[in-house]
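Please go through this structure with me, one question at a time. The sequence and the coordinates come first.

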Number of protein chains: 2
Amino acid sequence: MSTSPQESVRRQNLGALLRYVHVRGATSRAELTSRLGLNRSTIGALTADLATAGLIDEGVPQETGRAGRPSIVVRPRSSRVYGYALSLELDRVRAARIGLGGKVLDRRTAARPDGADPAPTIAALAALVADMQPAAGRPAGDAVFVGSGLAVSGSVRHHLGWTDETIEPPLTSALADRLGTARPPILGGVADLAALAEHTRGAAAGADNVIYLHGDAGISAGIIAGGRRITGYGGHGGEVGHMVVNPTGRLCGCGSRGCWETEIGERALLHLAGRTVPTSGAAVAAAVRAAAQGDPDARAAVVHAAEWLGFGVANLVNIFNPTIVVFGGTLQQLYLTAADHVRGRLLAMALPACRDHVVLHTPLLGDDAPLVGAAELAFERLLADPLDTTP
Amino acid sequence: MSTSPQESVRRQNLGALLRYVHVRGATSRAELTSRLGLNRSTIGALTADLATAGLIDEGVPQETGRAGRPSIVVRPRSSRVYGYALSLELDRVRAARIGLGGKVLDRRTAARPDGADPAPTIAALAALVADMQPAAGRPAGDAVFVGSGLAVSGSVRHHLGWTDETIEPPLTSALADRLGTARPPILGGVADLAALAEHTRGAAAGADNVIYLHGDAGISAGIIAGGRRITGYGGHGGEVGHMVVNPTGRLCGCGSRGCWETEIGERALLHLAGRTVPTSGAAVAAAVRAAAQGDPDARAAVVHAAEWLGFGVANLVNIFNPTIVVFGGTLQQLYLTAADHVRGRLLAMALPACRDHVVLHTPLLGDDAPLVGAAELAFERLLADPLDTTP
């Protein structure tokens with residue numbers, strides 16, 4: 001072995017400590033000692049190493065009101081240790097600079113250039129990053145760039161026909177130019193990364209079995225099972241929008257009939273509500289608002305979609321036995337407007353053993369969830385081995 | 001920490017080595033050296049410890065036909081290191097004594113006593129174990145009993161209303177009496193354990209994303225994702241039989257309409273084939289044989305069930321992006337008799353990205369798969385820390 005057992009354990013401990021403050025925020029040394037099962041002198045040595053590397057700060061906490069010497073508090077250096085998080089959606093591109101601890105330090109949004117040619121979209125994403133970059137190094141000094149992550153909406157793949165190969169090498173080169181790094185952005189699905197974010201620091205924190213459903217032009221799921229992301233062999237798992245729920249239903253773009261998204265997708269909802277406008281998140285939000293205000297056509301469409309939403313959730317709950325289902329993207333408004341219908345259908349259809357501990361929730365991180373999840377991908381390498389300085 | 005880093009690494013290495021020969025069978029020291037990334041003297045020390053504990057044998061291999069000194073071969077002591085594997089099914093109970101390396105050393109089967117009272121069934125299972133026990137210690141000496149595992153068919157839960165609490169404490173006490181151990185059998189679902197067995201040493205060996213579908217009175221799934229078993233919060237995941245696929249279909253015992261098992265379950269198949277006999281695995285096998293021999297009613301029923309089997313598999317493939325789907329229990333005969341219908345529906349419905357690498361298969365371990373999987377549960381503690389002698 002190239003690494004001694006002692007050195008290997010030390011690196012694991014450094015990673016565990018940094019991950020703890022990344023996820024939980026400022027933490028006293030006393031709490032770290034007890035939670036990581038290490039003694040005080042070991043914790044002191046580890047925090048010294050991490051502070052020297054510029055990854056954490058240590059300091060005296062605010063007045064605690066308790067007697068005795070206060071325990072020193074360890075904080076992630078959120079404003080200096082950062083990654084870029086990108087989001088590639090059908091109608092917009094987004095980028096954020098996100099600090100250790102999951103803090104959004106800066107953000108940009110732009111419309112996605114029209115058309116199926118990826119080049120202008122990639123240029124638009126790179127431009128957002130370039131626009132944030134001058135501030136990243138100021139004040140000059142010891143900023144640590146950890147890498148970047150990219151959330152890709154399944155709709156981009158389905159509606160534009162883009163593949164990993166369409167997205168990855170061109171974007172890699174464009175961003176490598178901007179960032180002066182050879183490390184490519186790590187790709188993930190939008191629902192998958194939103195699930196990761198909500199699991200790490202949102203509505204699903206502490207839950208090991210999580211289903212995050214994201215609605216935009218399509219429907220996709222991010223799944224955490226046994227505490228880990230489930231993405232399948234090629235990373236293409238979670239295509240729940242193409243779970244067929246109604247074999248006598250409408251034809252789907254994928255060629256099947258009665259896919260879940262033909263009942264609850266944005267297009268289906270607008271069609272049922274009698275809206276003839278082009279499909280967009282804004283149009284769906286307007287229809288759902290109209291439903292809440294009593295528009296009968298919109299209300300009927302929302303109830304229809306909410307019932308079918310509960311129907312599909314029941315199937316997934318029987319398959320995964322989760323403790324939380326989170327509704328993101330445009331499913332968030334749909335769920336909030338007709339939660340009783342979703343819950344009623346779930347209760348009627350799912351097996352009691354599978355649904356007994358399920359709570360239904362909206363994302364605590366809101367629309368930031370995919371970006372925060374993309375940043376988690378970027379931080380993963382640092383957290384696995386904080387002092388590894390390989391470029 | 002109570003254990004030094006060196007000792008902790010040594011225990012991990014002992015576990016890794018024992019697991020390797022448990023999964024792969026007899027292995028040369030040279031192969032172990034290269035596969036485990038350890039040097040020769042470390043491998044020699046580890047195998048000496050495992051041999052002293054009675055867990056492996058070492059010896060000179062058969063003539064290899066190659067020049068030079070042959071590498072010593074390490075073999076799991078399959079006939080002396082064993083666990084009990086139990087299977088609780090609707091119409092029968094089974095037990096096997098299974099040796100390290102997954103070798104079935106002995107086995108017993110009995111009809112499950114009629115009725116919903118668990119006591120006679122538990123007594124029947126315990127009697128099977130008692131019947132195998134005298135041979136387990138012979139010739140007298142150093143046999144190592146590692147524990148026991150129990151596969152429970154979901155049908156037992158659904159049709160008899162049994163829960164973990166019905167099964168576990170009474171069976172624990174009955175078996176503790178028989179075995180003179182306080183360690184309870186570890187429970188798992190029949191499909192879940194069959195998936196584990198096929199993943200460890202069967203059709204799905206080497207695959208990290210696996211769906212095993214088991215058919216008996218109901219339909220259940222064992223899922224391996226990212227190389228690990230997916231069982232959900234309460235261990236109740238994989239209830240794919242109650243995924244609703246046909247909302248205008250037949251009423252299911254669970255209260256929903258059009259559950260997958262109302263289209264492909266044993267009862268549905270016999271009904272469609274015009275069989276008025278009581279539902280049983282044997283009756284289904286007879287109907288499927290009749291279909292293969294040209295009986296038109298049976299053939300229509302088999303085609304119907306096979307089409308709906310492919311339909312549900314397409315949904316699961318879109319959700320999990322696996323590389324293999326294994327058809328066990330009575331689904332094995334159904335699949336073999338109408339594979340084209342299953343495959344055709346899968347190809348028509350699943351997204352290309354999700355199904356491109358999927359192969360369809362029957363279990364290499366056949367009906368033993370749940371028993372071999374139950375034994376894997378029993379061996380897990382030994383493999384995690386081979387020299388831990390805590391009772």
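The questions and answers below go from the chain pair to single helices and then to single residues.

This is a predicted model, in which local features need pLDDT of at least 70 and side-chain atom pairs count only at pLDDT 80 or more, while totals for chains, interfaces and linings use all residues. Residues are numbered from 1 along each chain as its sequence is written, and chains are lettered from A and ligands numbered from 1 in the order in which they are written.

Q: Which element gives the largest share of the side of chain B that touches chain A?
A: Contact means that the C-beta atoms of two residues, placed from the backbone, lie within 7 Å, and 40 residues of chain B are in contact with 40 residues of chain A. Helices (H or I, at least four residues) and strands (E, at least two) are DSSP runs, numbered from the N terminus. Two or more residues each come from α1 (5-24), β11 (228-230), α11 (296-320) and α14 (352-355) of chain B. The largest share, five residues, is from α11(B).

Q: How are α11(B) and α12(B) oriented to each other?
A: Axes are lines fitted to C-alpha atoms, for helices over the stretch in contact, and angles run from 0 to 180 degrees between N-to-C directions. The axes of α11(B) and helix α12 (residues 330-337) of chain B come within 10 Å and cross at roughly 100°. Angles under 35 degrees count as roughly parallel, over 145 as roughly antiparallel, 65 to 115 as roughly perpendicular and the rest as oblique. The two helices, α11(B) and α12(B), are therefore roughly perpendicular.

Q: Which residues of α11(A) meet α10(A)?
A: Helix α10 (residues 281-292) and helix α11 (residues 296-320) of chain A have axes that come within 7 Å and cross at roughly 105°. That makes α10(A) roughly perpendicular to α11(A). Ala287(A), Val288(A), Ala290(A) and Ala291(A) of α10(A) meet, in α11(A), Ala298(A), Arg299(A), Ala301(A) and Val302(A).

Q: Within what arc do the buried residues of α4(B) fall?
A: A residue is buried if 20 or more other C-beta atoms lie within 10 Å of its own, exposed if 12 or fewer, and partly exposed in between, with C-beta atoms placed from the backbone. In α4(B) the buried residues are Thr121(B), Ile122(B), Leu125(B), Ala126(B), Leu128(B) and Val129(B). The arc is that of the directions from the helix axis to the C-beta atoms. The buried residues line one face of α4(B), so seen down its axis they fall within 150°.

Q: Which exposed residues does the face of α4(B) turned away from its buried side carry?
A: The buried side of α4(B) includes Ile122(B) and Leu125(B). The face turned away from it carries Ala119(B), Pro120(B) and Pro134(B).

Q: How far apart are the end C-alpha atoms of helix α1 of chain A?
A: The expected span of a helix is 1.5 Å times one less than its number of residues. For the 20 residues of α1(A), residues 5-24, the span should be 28 Å. The end C-alpha atoms agree with this, at 28 Å.

Q: What covers the buried residues of α1(A)?
A: The buried residues are Asn13(A), Leu14(A), Leu17(A), Leu18(A), Val21(A) and His22(A). They cover an arc of only 170° around the axis, which puts them on the same side of α1(A). The cover includes, in chain A, β1 (27-28), α2 (29-36), α3 (40-52), β2 (56-59), β3 (73-76) and α15 (369-384).

Q: Is Asn321(A) buried or exposed?
A: Asn321(A) lies in the loop between α11 and β12 (324-329) of chain A. Its phi is near 45°, a positive value in a residue other than glycine. With 27 C-beta neighbours inside 10 Å, Asn321(A) counts as buried.

Q: Which residues is Glu168(B) in contact with, leaving aside its neighbours within four places in sequence?
A: Glu168(B) lies in helix α6 (residues 164-179) of chain B. With 16 other C-beta atoms within 10 Å, Glu168(B) is partly exposed. Its contacts, those neighbours left aside, are Pro184(B) and Leu187(B).
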